[in-house]
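Please look over the sequence and the 3D structure below before reading on.

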Amino acid sequence: WPFTVSEVRVVCAPTLALFVTADGKAYAVNGQAERHPDLYKQGPLSQINEITKVDPQIAKLSPDAHMSLDAFTQKAIEACTKAGRWDPAKA
């Protein structure tokens, strides 16, 4: 689990933009969400590093390096697709 919070809610936005919400704040998870913050209609976005853990291995070489969100992002994409929110063929 790459987050410092116990739970996040995934928000599937158009053009495969992926956001999460936690503790009343919203965060862009992937590049599409970062490039199109306007797709999150519920207010301003915070920096994802506020809720991601520092990677203890990588931090030895690069302080403040946070854990990868790749595995989480893949699961979220699968969930958005399964829920009918996205059609990867149209991406």
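This is a predicted model: local features need pLDDT of at least 70, side-chain atom pairs count only at pLDDT 80 or more; totals for chains, interfaces and linings use all residues.

Residues are numbered from 1 along each chain as its sequence is written, and side-chain values use heavy atoms, with hydrogens and water left out. Four strands make an open sheet with mixed pairing, in the order β1-β2-β3-β4.

**Terms used here**

- Helices (H or I, at least four residues) and strands (E, at least two) are DSSP runs that are numbered from the N terminus, and two strands pair if DSSP finds at least two bridges between them.

**The sheet and its pairings**

- Strands of a sheet pair through backbone hydrogen bonds, and they do so either parallel or antiparallel.
- At the edges of this sheet are β1 (9-13) and β4 (45-46), each of which pairs on one side only.
- β1 and β2 run antiparallel and are joined by five bridges, and V11 has F19 in β2 as its bridge partner.
- β2 and β3 also run antiparallel, with four bridges between them, and here the bridge partner of F19 is A28 in β3.
- Strand β3 (residues 25-28) runs parallel to β4, to which two bridges join it, and Y27 stands opposite S46 in β4.

**The hairpins**

- Three residues lie between β1 and β2 in their hairpin, and T15 in the turn has a positive phi of about 60 degrees.
- The hairpin of β2 and β3 has two residues between the strands, and D23 takes a positive phi near 50 degrees.

**The covered strand**

- In strand β2 (residues 17-22), six of its six residues are buried, where buried means under 20% relative accessible area, exposed over 50% and partly exposed in between (1.4 Å probe, protein chains only).
- In a regular strand the side chains alternate between the two faces of the sheet.
- From β2, A17, F19 and T21 point one way, whereas L18, V20 and A22 point the other way, and all are buried.

**The disulfide**

- A search of the whole structure finds one disulfide, a term for a pair of cysteine sulfur atoms within 2.5 Å.
- This disulfide joins C12 to C80, with an S to S distance of 1.9 Å.
- C12 lies in strand β1 and C80 in helix α2 (residues 70-82), so the pair ties together parts that are 68 residues apart in sequence.
- The link of C12 and C80 is left-handed, with -80 degrees about the S-S bond.
- C12 is buried at a relative accessible area of 13%, and C80 counts as buried at 0% relative accessibility.
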